[in-house]
Structures are given as C-alpha cells and as structure tokens.
Amino acid sequence: MHDLIIRGGTIVDGTSRAPFAGDVAVANGRIAAVGRRIDGQAATVIDAAGKIVTPGFVDVHTHYDGQATWDEQLAPSCWHGVTTVVVGNCGVGFAPVRPGAEQALIQLMEGVEDIPGTVLAEGISWGWESFPEYLDILSRRRWMIDVGTHVPHAAVRAYVMGDRANDDRVTRSDLAQMTEIVRGGIEAGALGVSTSRILAHRTSTGDMVPGTLANRDELAALADVLRDLGTGVFEVVPRGMDGEATAEAHAEIDWMGDIAARTGRPVVFSVVQTHTELDRWQELLARSGDLRDKGVRIYPQVANRPTGILFGLQSPSHPFSTRPTYQALAGLPLKERIACLRDPEIRAKILSEPNGAYDHPLSSFVYTGFGNMLPVAEPINFEPKPSDTIAALAESAGVGPEDYCYDFLTGAAGRNLLMFPFTNYFRFNLDDVHAMLTHPASVYGLGDGGAHCGIACDASGQTFMLAYWVRDRESGPRIALEQAVKTMTSDNADLYGLHDRGRLAPGYRADIAVIDFDRLKLELPEMVYDLPAGGRRVMQRAKGYAAVIVNGEITIRDDRATGALPGRLIRGAQPAPT
C-alpha cells in the first residue's frame, strides 16, 4: 500500500532522459517506484493524464532569510513548483548578530535587497546571536518548502569588526574569528558561505556592504574552511555585476578561479549582461568553461529573463507620482483613484504639470525613459521589440509618450504595469539569455525570491522557463523540456550537495510537481500588502500546477495551498539514496 500514486503522466525525471509515460509511487516521504505501470493501491491517487511530472524545483538564489522566521508559505516561490530554496546569498543575512546590532543588519538587507526595513523590524522576532542559534530557531519552523542557508560574509564581518567592518584591512585576530564563525556555521548545517563585492550594493544608510573590499587573503581564508571540511559552496556577487568596467572588475574571474582550484569546492558567481559591456558575459562563461574543462569547479549563475523595475499606479513611484495633482489623489484606494484619474480635467491637469523631485538619482532616468519603458499587460508579451516601447507605441498612435503612458496605466482597472529593464535586454530580444542558459558552464538562478519585493518578482522564473522557454517562444530557439527541468532540479541540487532530491527515481525525496503543461501560465504581477507592518510586494502567481508535493505531502492542489507544511530546515549536504 503506497501513500500516493501519480498515474499516467509524462515523466520528466530531472536527468535529461527523454520524457516517458508512466506512474510514480510515494511512500514515507520517498519515491518508492517509477515505471510504465505501477500496480497496487494508494491512499491518494493523482490522475496526471495529459500532464507532466517533474522533480520539485531547487532554487539556490533566494533571500527569505527574514521571511523564513515568520512566513510559512515563502511566496512567491511556493507557487511555482519550487520545493527547496537556499537563502543567505550575496553576503547578506541576519546571523551572527550582536545584541543591539540587529538594526544594522536590517539596514544592510534593506539597502542590498530592497526589503523594507519596517517589514523586517516588525516581522523578525530575533532571539539568536550566533549562526548555529539562528539555525536552531529555523529548525523549529515549518514551511511549504525546504530551506537551506549560506553563512553571509557581511554579517560575519560586522559581528567581528563592528565599526571597522568596512575597513579594507583585517587583523589576524579578525580573520581567525571570521573563519571560526564560518566553520561553526558550516558544521551546524549551512550549505556554504556567500559574499558581495559590487560597489553598487549599499546599506539603506548609504554605507558600503562589509566585505566589499575584502582582500584575496580574507576571501581565500573563508573558502579554505570549506576545503578543510570537505563540503559547501562559495557564492559570490562579483564586481562588475553593476556595470563597473575596470581592471579590478575584470580580474574577479582570476581570483574566483584560483579559489575554486585551491579548495576543490564549487565557486558560484552571478553573471548578467550589463549596459557598459554587452558581451562581457561571453568572456566570463568562456573562461569558466575552460576552467571546468581542467576540473576547476566554477559555475556562472545566470537568469532566464531580463531584470528590471516593475511599476504602475499600484506603486509609490511612476511617471506621474511627483506631480502635485496626482499627489493629492495618491492616498485614495486604487479604484477611487482610477475614477478620478480618468476625469478629463484631472487628466489634463496632471499631464500639464512638470515632474517634481524623485527620491533616487536613477528615478528620473527610469520614470521618464519612455524609449526603454515596456508595457506589462494581459496577455503578457515576454519578448517585446523596440516597436513595443511606450515611446514607439505613442508615436504609432500619434500622441505624446506621456499621454499614451497615462492612458495605459489607467486602463485595466489600474492593473497594467510598466517595466524598465536594467540587465539582459539591451538588444530587445532574449537571444543572449538563451546563450547564457544553454552554455555548458552555466547554472540557472538569480530569481532573488523574497528580495526587491516592491519592484520585481523574478522568483516566478521556474514557470517562465517551462511556459515560455520550452513551449511558447517563437522569436528564437527554445529549450528542450528535459534539459529545462534538469537545470532547475538535479543540476542545482547536486551543486549544493543535496543529492537526495532533484530526480524522480526510487529512494529520492518525494518532492514532485504535477503540471498541466498546456495550461501553464504566468499571471499578471500585482501589488499586494501582506507583509508585516502592511508592507507591499509584487506578487506573481501561476496557473497550471495540478499538484506540488514536498516530502510526500501535497502542498498545492490546482494552484491553491492545501495547508500542509512539510518543509524543514536542511542541515548540511545530503547523501544520495543507496
């Protein structure tokens, strides 16, 4: 008697094996059998006819560090077939922390990952000092998905060095304390250590992120802990990710390659196409490929779509938000505000007013850059052309770009959004992203679940991978279903030493997604106010997830949460089933 049988689906097992028709049986949280036809009874049977059956997706680049202390769902990742996440990326996190220094880590996360400080202050209950104590508290939590962690370099440096945390020099005592903290974190169950080096990463008070200017000896010492323990990943946001085009940024690949070769541990670093050097990503992937051919474990991590800012009338800032007449209406509920904004006299008045001062130096560039501003509306155009910008659409309609933009934003009950891409979309197509995703050296990630919550929702990338890259793309090459699934399952699981998941095979964890592939769809992003202290975030749901199963328990049925919370803290690398 099995606990669960998934019958008659198209099985995509996470290994790049060709899909095949068959059944999957589950017992005691593990996959009991996979085959063309499994006989016997089960307490629960899922009819998967016409659907695909995949391993649950493993997202290794998220920022739910704070959210994991109060939220059971860990949305939006839970809505997109994700069954395992890894937090503590980019060098930022909430442990270790000295009593009384919690606000500094909040400001760090707020500045780097755009998670409102009020949300974090209200939501996090704290109660720990050391990293192992943080893990102990997480171990008592229950979620819809499993959670693994990195030890964040910035928090470690702040803990050890205090007011000197941004010095570019460390003492022997500093370094000894930092390496001991990292060692204790890895021994307690962290899956790696992370660091951030891009100059654009700042705290919410404008200070540099601790560790940004750390020298190679310090970075090597942290990585040597992983070598000595024989486990763990070294995750890096390297200089140049923000478009910095200097000798220092270009040299990042050298020290990262040296550390990977020296330690034998995987080094994972972020790669995007930047505005300053459109083709530099090619060099980074080529260099990584050469190193991998020599047995050096270095992995460029790439996204599967453009990264940018989403905004509209649901957002506090947009092309009209600084104009006096709009500001007088800004506090109204959206429905009432739209009714006012559609009044011809109010429309004319707002359009006649100049913009006021925005609160960020880049804001004016973004909110008046109609030549790079793209509409996001139903049905979503995931690969718009230059003719689809607000400026081009306005010219085609014979009106000014502000007039066109105003009418677009006030349409669809105010749900329409605009996107201003910052990376990966400078040629107005996704061909470069396709080349990144399919390069033999790259791994998929950078969804940033839990971060940038007021301006983006890239954590829906798993659904995008299947619905667009595998099924719908017409303007260029697609990605084979079995390869797309492998990049989101066994590739990431193996990279982080989670050898007990990522495959549909007997003995592996019963982390499974049953997907109505033909019906799979990303819904329009929307602003919701469900964070602590009424904090806002962009949420993007999906349609087409018939079931998501974590550790043998069904957490999603027909795109809705069942209330099951089988997710647990992952402590350390996990062996493959024997």
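Me: What volume does the largest cavity have, and what counts as a cavity?

Reply: Rolling a probe the size of a water molecule over the atoms shows where empty space is left. A cavity is a set of points, on a 1 Å grid over the protein atoms alone, where a 1.4 Å probe fits but cannot get out. Grid points are joined across faces, edges and corners, and a volume is the space filled by probe spheres set on the points. Here the largest cavity has a volume of about 340 Å³. Of its 19 lining residues, the closest to the centre are Arg305, Leu310, Val376, Phe382 and Met419. Lining residues have an atom within 4 Å of a point.

Me: What kind of model is this, and how are residues numbered?

Reply: This is a predicted model: local features need pLDDT of at least 70, side-chain atom pairs count only at pLDDT 80 or more, and totals for chains, interfaces and linings use all residues. Residues are numbered from 1 along each chain as its sequence is written, and side-chain values use heavy atoms, with hydrogens and water left out.

Me: Which strands supply at least two residues of the lining of the largest cavity?

Reply: Helices (H or I, at least four residues) and strands (E, at least two) are DSSP runs, numbered from the N terminus. Strand 14 (307–312) and strand 15 (374–376) each supply at least two lining residues. Strand 15 gives the largest share, 3 residues.

Me: How does the lining of the largest cavity divide by class?

Reply: Ala, Val, Leu, Ile, Met, Phe, Trp, Tyr, Cys and Pro count as nonpolar; Asp, Glu, Lys and Arg count as charged; the others, Gly among them, count as polar. The largest cavity is lined by 14 nonpolar, 3 polar and 2 charged residues.

Me: How many cavities of 30 Å³ or more does a search of the whole structure find?

Reply: The search finds 7. The second largest cavity has a volume of about 140 Å³. It has 18 lining residues, and Gly240, Met241, Val272, Arg280 and Leu284 are the closest to its centre. Helix 8 (252–263), strand 12 (267–270) and helix 9 (280–293) each give two or more residues to this lining. By class, the second largest cavity has 10 nonpolar, 4 polar and 4 charged lining residues.

Me: What makes a pocket, and how much space lies in the second largest pocket?

Reply: A pocket is an open set of points with protein on both sides within 12 Å along at least five of seven lines. About 380 Å³ of space lies in the second largest pocket. It is lined by 21 residues, with Ala104, Ala158, Gly162, Ala165 and Pro210 the closest to its centre. Helix 1 (102–113) and helix 4 (153–161) give two or more residues to the lining.

Me: At what angle do helix 17 and helix 18 pack?

Reply: Axes are lines fitted to C-alpha atoms, for helices over the stretch in contact, and angles run from 0 to 180 degrees between N-to-C directions. Angles under 35 degrees count as roughly parallel, over 145 as roughly antiparallel, 65 to 115 as roughly perpendicular and the rest as oblique. Helix 17 (461–472) and helix 18 (481–488) pack at about 165°, with axes 10 Å apart. Helix 17 and helix 18 are therefore roughly antiparallel. Contact means heavy atoms within 4.5 Å. Helix 17 uses Gln462, Met465, Leu466 and Val470; helix 18 uses Leu481, Ala484, Val485, Thr487 and Met488. These contact residues divide into 7 nonpolar, 2 polar and no charged.

Me: Are helix 12 and helix 15 oblique or roughly antiparallel?

Reply: Helix 12 (344–352) and helix 15 (401–409) pack at an angle of about 135°, with axes 11 Å apart. Helix 12 and helix 15 are therefore oblique. Ile346, Arg347, Ile350 and Leu351 of helix 12 meet Glu402, Asp403, Tyr406 and Asp407 of helix 15. The contact holds 4 nonpolar, no polar and 4 charged residues.

Me: Which backbone values deserve a look?

Reply: Most residues other than glycine have a negative phi, and most peptide bonds are trans. The bond from Ala75 to Pro76 is cis, with omega near 10°. Pro76 sits in the loop between strand 6 (57–59) and strand 7 (82–87). Another cis bond joins Ala95 and Pro96, with omega about 0°. Phe428 is not a glycine, yet has a positive phi of about 55°. Phe428 lies in the loop between strand 16 (417–423) and helix 16 (431–438).
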